[in-house]
Amino acid sequence: AVISGNPMDTIEYHSRMKSIEKHFNEVFWHEDEMHFRSAALKTPDDRANAMAVVAGLAQPRQYQGIRRVLTTQEFASPYLEKYVLEALCTMGSDTLSLQRMKRRYSNMVNHPDYNTLWEVWKGLKEGTINHGWNAPNTVLSQNIAGISPVAPGWSAFQVLPMLGGLREVAQTVPTIKGNIRVKHLLNDKEFITTLESPDNTTAIVCIPKSTGQTIYANGLTIWRDGGFHLHKNGVQLISSDEQYIRVSFRPGKWKIKSIYK
């Protein structure tokens, strides 16, 4: 609305958004059953509960019940499936997201006659078999490999891996700035992220946090004994919480190794 020269329209949009945010839980949340559901329905819907998470209307205390809905109900089409998988990752259930992805898409991926993804789950019986609704690629790239933009034009991006139980993940993302290449390797003693980022970008790498870890960037120590060891080689601490240590890196090639005791 702003870009098209109609900024006054945003007043109504923001008013409606605030109203939804204020009343959504009181109207649709069923505390006794721990899920979102309209009064007209008896069965909770995976699509509605997933969208509540993605939209930020669901609270962490509600995640346990929503997670149960998303692992037992399968109303979502291939289009809406993207938001169900994303919601599971948002709730920290990346392993469940991968399990659901495999369960729902195995028939497509393993089909002997088609090498594209379908519009609907039953292929040509109800729609086309070459469609742009590619939820798995999006979720694998943005959530599992963890690569997503945080500023327009990929001038800044984050790498926030959620491996979903995998030990090795590699992803290349083409952007207007150039290709971003990331590879994650995990074993019992170390977590290694190899990053190649193009010019005119800033990479914010989110390193999984653990007690007593030491982190190296291109062989130089940047984290030890619970604190950041700042050096002037294009590396800067952004933040640290219970889950991740967030560090920004200048463009180039980086090998970020976290060693656990």
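Two strands are said to pair if DSSP finds at least two bridges between them. Before going further, note that this is a predicted model, in which local features need pLDDT of at least 70 and side-chain atom pairs count only at pLDDT 80 or more, while totals for chains, interfaces and linings use all residues. Residues are numbered from 1 along each chain as its sequence is written, and side-chain values use heavy atoms, with hydrogens and water left out.

**The hairpin and its sheet**

Which residue is the bridge partner of Ala217 in β10? Select Leu220, and you have that partner. The two strands form a hairpin with two residues between them, and in the turn you will find Asn218, which has a positive phi of about 50 degrees.

Now select β14 (residues 252–259), which runs antiparallel to β9 and is joined to β9 by four bridges; here Thr214 stands opposite Ile259. On the β10 side, strand β10 (residues 220–224) pairs with β11 in the antiparallel sense over two bridges, and Arg224 stands opposite Gly227 in β11.

Strands of a sheet pair through backbone hydrogen bonds, either parallel or antiparallel.

Next, select Ser210, which lies in the loop between β8 (202–208) and β9 (214–217). Is Ser210 buried, partly exposed or exposed? At 33% relative accessibility, Ser210 counts as partly exposed, where buried means under 20% relative accessible area, exposed means over 50%, and partly exposed lies in between, with a 1.4 Å probe and protein chains only. Although Ser210 and Ile259 are 49 residues apart along the chain, their C-alpha atoms are separated by 9.4 Å.

**Two helices with a buried face**

Move to helix α2 (residues 46–54), where Asp46, Asn49, Ala50, Ala52 and Val53 are buried. Seen down the axis of α2, these buried residues fall within an arc of 155 degrees, so they line one face of the helix; the arc is that of the directions from the helix axis to the C-beta atoms. What covers them includes α1, β2 (35–36), α3 (63–70), α4 (78–90) and α5 (94–109).

Then select α3, in which Tyr63, Gly65, Ile66, Val69 and Leu70 are buried. Seen down the axis of α3, its buried residues fall within an arc of 160 degrees, so they too line one face of their helix. Their cover includes β1 (29–30), β2, α2, α4 and α5.

**The start of the chain and the whole view**

Select Ile3, in the segment before α1 (9–28), where this residue is exposed with a relative accessible area of 87%.

Finally, show the whole protein chain, which has six helices and 14 strands. Its C-alpha atoms fill a box of roughly 60 × 50 × 45 Å, taken along the principal axes, and 40% of its 261 residues count as buried.

Conventions:
Contact means heavy atoms within 4.5 Å.
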